[in-house]
Amino acid sequence: MAHGNSVFFGTAEVGLPFLECLLRHTRLRLIITQPDARGGRNRRNLEPPVKAFAREHDITCIQPEVLRCPETEDQIHEADPDLGVVVAYGRYIPRRVATIPRRNTINAHFSLLPRWRGAAPVQRCLEAGESRTGVTLFEIRPRMDAGPIWASRALDVDPGETAPELFGRLAPAGSDLLAETMPRILEGTDSLRPQEHDHATFAPQLRKEEGRINWDARAREIFNRWRAFQPWPGVFFELDGRPVKVITCRPMDLSESPHPPGTVLETDRERMQVVCGSGSVLEVTRIQPPCKRPMTPYCFALGNALPKRLP
């Protein structure tokens with residue numbers, strides 16, 4: 001049974017389970033997403049996944065350049081929303097827009113707030129090598145990701161889990177949490193709890209340069225960055241001034257190597273072993289040079305000089 005009218009703000013594929021939830025449990029009147037982008041080698045038009053969802057389900061979808069404009073606000077008012085839900089929208093939502101729904105607007109954030117406030121909570125959690133994360137539903141306030149909390153749910157992080165894999169578990173967990181919490185929010189029978197602001201940590205947007213491997217770091221730290229930076233920016237090292245992307249790798253349980261970081265210990269048909277900080281060793285099994293397909297380091301070395309020590 002539908003409970004009230006809803007509007008959704010979101011762009012990325014991770015929002016689709018939440019849209020399914022709103023479609024089942026509310027009257028989903030409006031989807032607000034970012035304008036189409038252009039990408040790929042041919043700069044083709046790329047529409048947000050939630051736009052395709054709107055078209056499939058015959059739901060009104062708008063793509064405003066900015067939310068702070070009378071036309072957009074009028075369209076939200078016309079939807080007569082009881083609740084707004086935000087998932088990976090990617091843009092600031094002004095308070096005057098967030099407060100249009102009768103029960104205001106809630107955000108599904110992929111961390112256990114106040115930990116990892118910001119644009120990249122999943123990636124920063126993995127980069128830090130943490131074993132626990134979760135989803136938080138909180139009410140939007142002017143300060144970024146600092147609003148009071150409706151509900152949260154914790155998940156364990158698998159030691160080798162990548163960002164796409166973790167997103168794939170967090171999204172359905174978050175939509176289930178929304179389905180459980182939303183009726184109480186709409187009925188006014190649930191209460192908010194404030195965040196512990198003194199315990200906040202932050203998750204800034206990823207930068208391409210962060211993917212450059214520093215062999216002085218321990219192998220586990222490099223592996224955690226590899227997990228966190230999938231699919232973008234990935235991790236890479238440079239040969240002859242060109243980036244070589246590491247497609248698959250893992251830290252090895254070896255005794256400490258006496259060789260300096262970056263030293264290539266061994267290359268066989270399946271792998272390359274590279275010394276990292278504190279004598280730890282990273283096993284690299286597939287790499288990708290620019291404009292080439294992924295390959296083993298052995299195949300790469302057949303046509304390219306592989307130095308004894310990587311920069």
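Colleague: What does the accessible surface of the protein come to, and what share belongs to carbon and sulfur atoms?

Modeller: About 15,600 Å², with 48% on carbon and sulfur atoms. The area is computed by the Shrake-Rupley method with a 1.4 Å probe, and for residues only the protein chains shown count as cover. This is a predicted model, where local features need pLDDT of at least 70 and side-chain atom pairs count only at pLDDT 80 or more, while totals for chains, interfaces and linings use all residues. Residues are numbered from 1 along each chain as its sequence is written, and side-chain values use heavy atoms, leaving out hydrogens and water.

Colleague: What share of the protein's residues counts as buried, and what makes a residue buried?

Modeller: Buried is under 20% relative accessible area (exposed is over 50%, partly exposed in between; 1.4 Å probe, protein chains only). Of the 311 residues, 50% count as buried.

Colleague: How do you know which residues of domain 1 and domain 2 count as being in contact?

Modeller: A contact needs heavy atoms within 4.5 Å. By that rule, 13 residues of domain 1 are in contact with 11 of domain 2. The bounds, 5–203 for domain 1 and 208–302 for domain 2, come from an automatic or database domain assignment. Taken over C-alpha atoms, the domain centres are 35 Å apart.

Colleague: Why is the largest pocket called a pocket and not a cavity?

Modeller: Because a cavity is a set of points on a 1 Å grid over the protein atoms alone where a 1.4 Å probe fits but cannot get out, whereas a pocket is an open set with protein on both sides within 12 Å along at least five of seven lines. The volume of the largest pocket, about 1,400 Å³, is the space filled by probe spheres set on points joined across faces, edges and corners.

Colleague: What makes a residue part of the lining of the largest pocket?

Modeller: An atom within 4 Å of a point. The largest pocket has 43 such residues, and Ala88, Tyr89, Gly90, Ala119 and Gln205 are the closest to its centre. Domain 1 and domain 2 each supply at least three residues to this lining. Helix H6 gives the most, four residues; helices here are DSSP runs of H or I with at least four residues, strands runs of E with at least two, numbered from the N terminus.
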